[in-house]
Amino acid sequence: MSLLKITRRDAATGPVLHVAGALDYDQAPALRQQTAHLALKPGQCLVIDLSGLEFCDSTGITVLLAARQQALAAGADIALVAVPPNTMRILTVVGLDQVFTIRPHADSN
Amino acid sequence: MSRVDEEPEPTGTGDEAGTTAAFTALLEDSAEELYESAPCGYLSTLMDGTIAKVNATLLSWLGLECAAVVGRVRFTDLLSIGGKLYHETHFAPLLQMQGELRGIALEMKTAGGGRLPVLVSSVVKYTSGGEPLLIRTTVFDASDRRAYEQELLRRRQEAEQARAEAEQARMEAEQARQQAEADRGRLADALAVLQKSLLPDALPALPGLEAAGYYHTASPYQLGGDFYDLFPLDEDRWAFFLGDVCGKGPQAASLTSLSRYTLRSAAHHAPEPIAALTTLNTVLHERFTNGGDPRYCTVIFGQLEPQPGGHVTVRLASGGHPSALVLRADGTAEFLPTPGGLLVGILPTAPFATAETTLAPGDTLLLYTDGLTEARTGPARDSLFGEDALRTFAACQAPATAQELITALSGLLESFGDGLDDDTALLALGVPTHPPTRPATNRPG
């Protein structure tokens, strides 16, 4: 299982986190910490780019939900982009495809 | 610039004769001086020990006046009690026998009441006729040496103590290890009991229906979050559920317990599957949205209603849970899809998906948690077992009674080995082709 690597850049609409590796029981807390320290402003959109995601289990889902809660509490929005098919399948099974804004590419709206 | 009155150095640049003369004068001058001020103590005694001569160095060490010593006291009078004893029992007899002794450690008394550790060497001087005449004794101050020895001794004691402490620490560590092992055992026992409390002790016997359950625990030290139950709603109808809470450990267990009892009581108030899930959603959302990480579960809740002809109607609702699977009497297997149902507990109001089917004699309904479908397979454990493989496996088993299916699936789970790293719950409900002669009940595995 490859190590989780999170890189951040700031777009005009808000922070973009690129997540590569595995969001599992051992590593998902790292993304949780990263998102917890984001100072989101009302009207911004936190973009989580999952194009490098190799594996995501229920702990990963929990972290994504926590990020969503945090964004909404700050009056901001959240979007998942470039969700790999495996993770998309899980999101669909648990109904989260209706809850998260999901975009094919980081630069699409 | 030089000073005209400066005396020449004794070993300076004078002529050779002058140097020798100065050197001799220095030596002659120092004989008495050397005796008196030597860096060791000297004394001469008569054969009975009476002190005849003693040098200034020794007198100053002992803090005594020459007049108080010479002709007045014996050598042994200058020794401590211990020194005196040793002198009389060992020193004097040996000296008499050998005529000399070297480096004997003794202790002398000082005028101030102190003790002076010394090393004593003595030689007997004989007359030309061979008669012993007097004893010449040299005394070395051994305080530093004694201090050094004591330091050595102290270090040795320290080393010994450190060794003993290390040994003690090793024994304590071993005891702690044994204690930890015992604690681990007790913890595993306690967790096993707790885990069992989250599942029905035994599935009840249903008229016209066979039920079988199975629970695979991934780790004896980690409580899992899977749960299932089967219970009567009224005289005819039954309810069942199977779910999976997020996370592991005690927090997951408390969520499991809350979910299980909420669903049980909700089922009696509003037996419609969607209503039960909606109640659970409200309870979990209120309980866990205020701060902290989101806590949720996926669950399928269903109702069983017997129909004429031994058929049983199943109506179920799913909140984000993998689809149930139906094995038909004709040897096929199909999912009972529930798309669009959301995780329970993350939103104040959530959509849940419903599905309905009828189980004919020989049909079996299977509920499972994603430990089964997410098990990693293949030589490198890098591909998921998946839903398609599950359906294929089930079709190979069909038709199968609930117990036959659970037995086959528990064998499958076992074959995953370390590819199965999550808890997995299975619940199968089947309509027998012939009414059972006795009710089938199964304990969780």
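**Entry 1: Arg102(B)**

I started with Arg102(B) and found this residue in strand β3 of chain B, which covers residues 100-109. A reminder to myself: I am working from a predicted model. Is Arg102(B) buried or exposed? I put it down as exposed, because I get 11 C-beta neighbours inside 10 Å and the cut-off for exposed is 12 or fewer. I also looked up Val120(B): 18 residues separate this valine from Arg102(B) in sequence, yet the C-alpha to C-alpha distance is 6.5 Å.

**Entry 2: a sheet in chain B**

Next I traced a sheet in chain B. In what order do the strands come? I read β7-β8-β9-β10-β13, 5 strands in an open sheet with antiparallel pairing. At the edges I have β7 (226-232) and β13 (353-359) of chain B, and each of them pairs on one side only. From one strand to the next I get an average twist of 15°.

I then took a look at one pair inside this sheet. Strand β9 of chain B (residues 297-306) runs antiparallel to strand β10 of chain B (residues 312-319), and I count 8 bridges joining them. As for individual residues here, Glu305(B) has Thr313(B) of β10(B) standing opposite.

What lies across β7, β8 and β9 of chain B? I found helix α6 of chain B, residues 249-269. Against β8(B), which spans 238-245, I note that the helix runs at about 160°.

**Entry 3: nonpolar cores**

On to the cores. The largest nonpolar core has 106 residues, and I find the most contacts inside it at Leu366(B) and Ala428(B). Which strand gives the largest share of this core? My note says β3 of chain A, residues 45-56, with 7 residues.

I listed what Leu366(B) touches, leaving out residues up to four places away in sequence. I have Ala324(B), Leu325(B), Leu327(B), Ala394(B), Leu405(B) and Ala428(B). There is also a second, separate core of 15 residues; among them I spotted Ile51(B), Leu58(B), Leu106(B) and Leu116(B).

**Entry 4: where A meets B**

Last, the contact between the chains. How many residues does each chain put in? I have 11 residues from chain A and 14 residues from chain B. On the side of chain A that touches chain B, helix α2 of chain A (residues 58-73) gives the most, with 5 residues. I sorted the residues on that side of chain A as well: 6 are nonpolar, 5 are polar and no charged ones turn up.

Technical notes: Residues are numbered from 1 along each chain as its sequence is written. Chains are lettered from A and ligands numbered from 1 in the order in which they are written. This is a predicted model: local features need pLDDT of at least 70, side-chain atom pairs count only at pLDDT 80 or more; totals for chains, interfaces and linings use all residues. A nonpolar core is a set of buried Ala, Val, Leu, Ile, Met, Phe, Trp, Tyr and Cys residues joined through C-beta atoms within 7 Å. A residue is buried if 20 or more other C-beta atoms lie within 10 Å of its own, exposed if 12 or fewer, and partly exposed in between; C-beta atoms are placed from the backbone. Helices (H or I, at least four residues) and strands (E, at least two) are DSSP runs, numbered from the N terminus. Two residues are in contact if their C-beta atoms, placed from the backbone, lie within 7 Å. Two strands pair if DSSP finds at least two bridges between them. Axes are lines fitted to C-alpha atoms, for helices over the stretch in contact, and angles run from 0 to 180 degrees between N-to-C directions. Ala, Val, Leu, Ile, Met, Phe, Trp, Tyr, Cys and Pro count as nonpolar, Asp, Glu, Lys and Arg as charged, and the others, Gly among them, as polar.
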